[in-house]
Amino acid sequence: MVSCYSQVTPGVADTHLREVGILSVGNKHEVVVVGGGVAGCTAALYSRRYALDVVLLEKAAPGGLTATASHIENYPGFPEGISGVELAERVRQQAANAGVKCIIAEVRKLQRDNDAWLLETSEGDVTTPAVIIATGASPRKLNVPGESELRSGGVSYCATCDGFFYRDRVVAVVGGGNTAVDEAIYLSDIATKVYLIHRRDELRAEAYLQQRAFARDNIEFVWNSIVTEILGSDLVEGVRVYNKKTDAQTDLAVDGVFIAIGHVPNTGWLGDLLELKDGFIITDKYMATSQPGIFAAGDVRDTPLRQITTAVGDAAIAAYSAYQYVVSRRG
Ligand SMILES: Cc1cc2nc3c(=O)[nH]c(=O)nc-3n(C[C@H](O)[C@H](O)[C@H](O)COP(=O)(O)OP(=O)(O)OC[C@H]3O[C@@H](n4cnc5c(N)ncnc54)[C@H](O)[C@@H]3O)c2cc1C
């Protein structure tokens, strides 16, 4: 079993592994946090501040989407901005310093176990009275020919992760929201040319991002257009684009395609346990879901704004509510 801290805080990993032991039904925790993005790490940190016995389960590596953001300029306390990787790392480190136990484990199912909750994970089962769900949302797919075939040959859902490989190359970004425009700007510093392909004739991104993108000479906007195919055999060689207004079909020669058309919530593993809206978890102002003892925070929640500030705010409230819930059960 791997601790989330093994690469970050040498020496801490063993301590945490010893404390946690293995995940098993007999090995109970007062709170289990699912997801190690900024919401999950913050919820676990706050739970520790309430002196709760908390374990954080993360299926990949702590940091979540924040670690993929190139530069974050709207998180208070960093007037010069901060890279997503560094902010995610700082949040993770703060949770580690507070004594949060963190294990790399994918949670596959959540179900009732008498008056508690049972979580089935890739590393074993665990029971707890309170669960905080912070599993975020995953990039939405285009579902066009070539997308899955060229997934490791130039199709990407994360410019910060893969943009480095496109120095002095030509790339396309698909989408028109904040993520797409942010990624196009980031890539325009690396690639010689960036096509921003959008199905409408105006962007949905915030005005300040639009202004920055329009100011870049090497970003070409391809309006009213959808990608119908990603071309290439082993590596991406181009994209086939259909213009909805002119009916024209064009092949653009590109070396990489960055798909940024929104996200789908990571809630499939919950089945029909909780009330959802468009797949996102419905909560009240206490971050309580439709089931007692289950709380949700961050991008996975049905919320008007998905940002780091809102994720950490949700998380603090969710931990407070979980604490109240656990204390009320102690009698
Ligand atoms: C390119 C980009 C730029 C951005 N720029 C900004 C910005 O400038 N400012 C800003 O405020 N926000 C920005 N955002 C949005 C911000 O990153 C998110 O709002 C934030 O990361 C949400 O945090 P979260 O913890 O809710 O979810 P996530 O960061 O998505 O974390 C969820 C975690 O849960 C894990 N997980 C999922 N399912 C399971 C499971 N079954 N078991 C265990 N673990 C699981 C995932 O691996 C992941 O680590 C940006 C996003 C992107 C993509």
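Buried means under 20% relative accessible area, exposed means over 50%, and partly exposed lies in between, using a 1.4 Å probe and protein chains only. This is a predicted model, in which local features need pLDDT of at least 70, side-chain atom pairs count only at pLDDT 80 or more, and totals for chains, interfaces and linings use all residues. Residues are numbered from 1 along each chain as its sequence is written, and side-chain values use heavy atoms, with hydrogens and water left out.

**View 1. Helix H3 and its buried residues.** Helices are DSSP runs of H or I with at least four residues, strands are runs of E with at least two, and both are numbered from the N terminus. Helix H3 covers residues 84-97. The buried residues in H3 are Gly84, Leu87, Ala88, Val91, Arg92, Ala95 and Ala96. Expected span is 1.5 Å times one less than the number of residues in a helix. For the 14 residues of H3 that gives 20 Å, and the end C-alpha atoms are 20 Å apart, which agrees. Gly99 follows H3 and has a positive phi, near 90°.

View 2. A salt bridge places a side-chain nitrogen of Lys or Arg within 4 Å of a carboxyl oxygen of Asp or Glu. Arg92 and Glu89 form one, at 2.6 Å from N to O. Both residues sit in helix H3, 3 residues apart, about one turn of the helix. Arg92 is buried, at 14% relative accessible area. Glu89 is partly exposed, at 26%.

**View 3. Asp53 paired with Lys101.** The structure holds 13 salt bridges. One of them joins Asp53 to Lys101, with the closest N and O atoms 2.7 Å apart. Asp53 lies in the loop between helix H2 (38-49) and strand S2 (54-58), and Lys101 lies in strand S5 (residues 101-104), so the pair ties together parts 48 residues apart in sequence. Asp53 is partly exposed, with a relative accessible area of 24%.

**View 4. Helix H2.** H2 is mostly covered, with 9 of its 12 residues buried. These are Val38, Ala39, Gly40, Cys41, Thr42, Ala43, Ala44, Leu45 and Ser47. From first C-alpha to last, H2 reaches 16 Å, close to the 16 Å expected at 1.5 Å a residue.

**View 5. The Asp251 network.** Asp251 and Arg240 form a salt bridge, their closest N and O atoms 2.8 Å apart. The pair links distant parts of the chain, 11 residues apart: Asp251 is in strand S17 (residues 249-253) and Arg240 is in strand S16 (residues 238-243). Salt bridges that share partners join Glu229, Arg240 and Asp251 into one network. Asp251 is partly exposed at 43% relative accessible area. Arg240 is partly exposed too, at 24%.

**View 6. A positive surface patch.** Arg199, Arg200, Arg204 and Lys244 gather in a patch of positive charge on the surface. Patch residues have over 30% relative accessible area and no salt bridge; like charges are joined within 9 Å. The place of a charge is NZ of Lys or CZ of Arg. Arg199 sits in the loop between strand S13 (193-197) and helix H6 (207-214). At 43% relative accessibility, Arg199 is partly exposed.

**View 7. The Thr135 loop.** Thr135 lies in the loop between strand S9 (130-133) and strand S10 (137-139). Thr135 counts as buried, at 18% relative accessibility. Thr135 and Ser290 are 155 residues apart in sequence and 17 Å apart in space, C-alpha to C-alpha.

Conventions. Patches are made of residues with over 30% relative accessible area and no salt bridge: like charges are joined within 9 Å, nonpolar side chains (Val, Leu, Ile, Met, Phe, Trp, Tyr) within 5 Å. Accessible areas come from the Shrake-Rupley method with a 1.4 Å probe; for residues, only the protein chains shown count as cover. Lys and Arg count as positive and Asp and Glu as negative; His and the chain ends are not counted.
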